[in-house]
Amino acid sequence: MEPVLRWLAIFILLSSLLPYIHAIYCEEDDCYDLLGVTQSANASEIKKAYYKLSLKYHPDKNPDPESRKLFVKIANAYEILKDEATREQYDYAIAHPEEVFYNAARYYHAYYGHKTDPRAVLVGLLLILSAFQYLNQWTRYTQAISMVKRTPAYKNRLRALELERSGGITNKKKASKHINKKVEEELSNELELQIQGAEKPCLWNLIVVWFILLPYTLGKLIFWKGSWIWRYTIYKSAYSWEDACYLTQRSLRVPQEAWRTLDESKKNDLVGRRLWVKSNMEAYLTELRKEVKRRR
Ligand SMILES: *[C@@H]1O[C@H](CO)[C@@H](O)[C@H](O)[C@H]1NC(C)=O
């Protein structure tokens, strides 16, 4: 991802947080004004004012949406002012409007700190983590690509490809420039596939996706394990070809990819040896050692 895009992503991430910084307390209204009391009003005055106004604007009496809105605002203002601690916080926020983040943090702590659904916190955390993970993947990936592009090997290959495509005519400036771009694109696509350690960012790898898929993955694993035990431990049936392959692979510590590239006869031979049985494995290793010695 281009740096511009990266910054755009960060900007979007931050600006999605902005509403939460401003939507605190009574938003653009003054909580005291909403209840029609002064900042020095005592608790019973505030309570009295609230009951009077809530009766006046109750949706049952005033079906119009404006008074419904006002009713909600009044209730919200009362929520804030009836509590000693949140009222104090609110007074502080009025006196220190410049401490935007501090005030927002205190507000959210007071209102959601104790009653937030832990699942929502978890999801939020996962999303933020995933966003950073994704950005990080892109950074690593683009760095790796640009590093490769600076190497002489890459430049040589590019030149060779260019010559091949143009049939040896590279002195026609305009034509070669045109080809150049296309070839470069192709080559970089090809190379990008080959760069290891910097896989192209993939949404499937993100923490949040992994977490969502966790029940499925776990379920699959448990099912697999269960049917394995059922078939081979309880029923003692013979291993299926796939399972025998899996066991062979595991006892030889062969990666999945390497196993797939083996030819069928080799696979047949290896699976036939039942290497997951310890004594078979030992016998096989001894055989291999002998073979090596003989070749020397
Ligand atoms: C609150 O203020 C009102 C009016 O100033 C007063 O009558 C009342 O006694 C006060 N209540 C308390 C609990 O201080």
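Here is a walk through this structure, from the whole chain down to single residues.

First, some ground rules: this is a predicted model, where local features need pLDDT of at least 70, side-chain atom pairs count only at pLDDT 80 or more, and totals for chains, interfaces and linings use all residues. Residues are numbered from 1 along each chain as its sequence is written.

Let's start with the big picture. The protein has 15 helices and 0 strands. Those elements are DSSP runs numbered from the N terminus, with helices (H or I) needing at least four residues and strands (E) at least two. Of the 296 residues, 8% count as buried. Buried means that 20 or more other C-beta atoms lie within 10 Å of the residue's own, exposed means 12 or fewer, and partly exposed is in between, with C-beta atoms placed from the backbone.

Now for how helices meet. Two packed helices are described by the angle between their axes and the distance between the axes. Here the axes are lines fitted to C-alpha atoms, for helices over the stretch in contact, and the angles run from 0 to 180 degrees between N-to-C directions. Angles under 35 degrees count as roughly parallel, over 145 as roughly antiparallel, 65 to 115 as roughly perpendicular, and the rest as oblique.

Take α4 (residues 43-56) and α5 (residues 65-82): their axes come within 10 Å and cross at roughly 165°. That angle is why α4 counts as roughly antiparallel to α5. On the α4 side, the contact is made by I46, K47, Y50, L53 and S54, and on the α5 side by F71, I74, A75, Y78, L81 and K82. Two residues are in contact if their C-beta atoms, placed from the backbone, lie within 7 Å. Sorted by class, this contact of α4 with α5 has 8 nonpolar, 1 polar and 2 charged residues. For those classes, Ala, Val, Leu, Ile, Met, Phe, Trp, Tyr, Cys and Pro count as nonpolar, Asp, Glu, Lys and Arg as charged, and the others, Gly among them, as polar.

Next, look at α8 (residues 118-150) and α11 (residues 207-234), whose axes come within 7 Å and cross at roughly 135°. That makes α8 oblique to α11. In α8, L126, L127, L129, S130 and Q133 meet I207, V208 and F211 of α11. The tally for this contact of α8 with α11 is 6 nonpolar, 2 polar and no charged residues.

Finally, zoom in on two loop residues. Y25 sits in the loop between α2 (18-22) and α3 (31-35), and R253 in the loop between α12 and α13 (256-261). Y25 isn't a glycine, yet its phi is positive, about 50°. R253, also not a glycine, has a positive phi of about 55°. Are they buried or exposed? Y25 is buried, because 23 other C-beta atoms lie within 10 Å, whereas R253 is exposed, with 7 other C-beta atoms within 10 Å.
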